[in-house]
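Dear colleague,

Here is the structure I promised to pass on. Please open it next to this message; my notes follow below.

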Amino acid sequence: MRRELVLLPNGGIVIDTPGMRELGMWHDSEGLDRSFADVESYFGACRFADCTHTSEPGCAVQEAIERGDLSPERWMSYRKLKVEAEYAEDRGEYLRCKEQKFKAIKRSSRADKKR
Ligand SMILES: [Zn+2]
């Protein structure tokens, strides 16, 4: 399935896939953060500060899953709920992010031509 990852300024991640929007909505992201504190405790240990915890080398989440410290099912349910929370609260922000990303790409390709 084609996926697009978008990082939000507040540290959230949006995974844009067809079908994701059909999952149940989750409106209380604070409650989500509390209930998945064990999952999020790994985030700070990733090699990259902007780690998306998908396929980066040195990702503490992926390592925890490999070690068996974190169950893949729990990680998947965290990601699904997180994605829904971002959609519910930050749909506008998400679209702005996508737009900015696109503009940045256009800007950098223009700069290349000048050189
Ligand atoms: Zn990571």
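D38 and R74 form a salt bridge, with 2.7 Å between the closest N and O atoms. This pair ties together distant parts of the chain: D38 lies in helix 2 (residues 37-40) and R74 in helix 4 (residues 72-114), 36 residues apart. D38 is partly exposed, at 36% relative accessibility. R74 is partly exposed too, with a relative accessible area of 28%. Keep in mind that this is a predicted model.

By the rule applied, there are two salt bridges. The other joins the side chains of R67 and D69, at 2.9 Å from N to O. R67 has a relative accessible area of 54%, so this residue counts as exposed, the cut-off being over 50%. D69 stays below that cut-off at 47% and is therefore partly exposed. As background, side chains of opposite charge can pair when their charged atoms come close.

Next, the metal site. Which residues coordinate the zinc ion? The donors are C46 (SG), C51 (SG), H53 (ND1) and C59 (SG), at 2.0 to 2.4 Å. Their spacing along the sequence reads C-x4-C-x1-H-x5-C.

Why is the arrangement called tetrahedral? The four donor atoms subtend angles of 100 to 117° around the zinc ion.

Are C51 and H53 buried or exposed? C51 has a relative accessible area of 5%. H53 comes out at 4%. Buried means under 20%, so C51 and H53 both count as buried.

Now the confidence. The mean pLDDT of the protein is 75. Of its residues, 62% reach 70 or more. Where is confidence highest, and where lowest? Helix 3 (residues 60-67) has the highest mean, at 96. Helix 1 (residues 29-35) has the lowest, at 59. Over residues 22-27 the pLDDT falls below 50. That stretch still has 13 contacts in the model beyond near neighbours in sequence. Where pLDDT is low, the predicted coordinates should not be read in detail.

Best wishes

Note on methods. Residues numbered from 1 in each chain as written. Predicted model: local features only at pLDDT ≥ 70, side-chain atom pairs only at ≥ 80, totals over all residues. Heavy atoms only, no water. Donors = N, O, S within 2.8 Å, 3.2 Å for Na, K, Ca; no water. Tetrahedral: all angles 85-135°; square planar, octahedral: opposite > 155°, others 65-115°. Buried < 20%, exposed > 50% of the residue type's maximum accessible area, 1.4 Å probe, protein only. Salt bridge = Lys/Arg side-chain N within 4 Å of Asp/Glu carboxyl O. Helix = DSSP H or I, 4+ residues; strand = E, 2+ residues; numbered from the N terminus. pLDDT = per-residue confidence, 0-100. Contact = heavy atoms within 4.5 Å.
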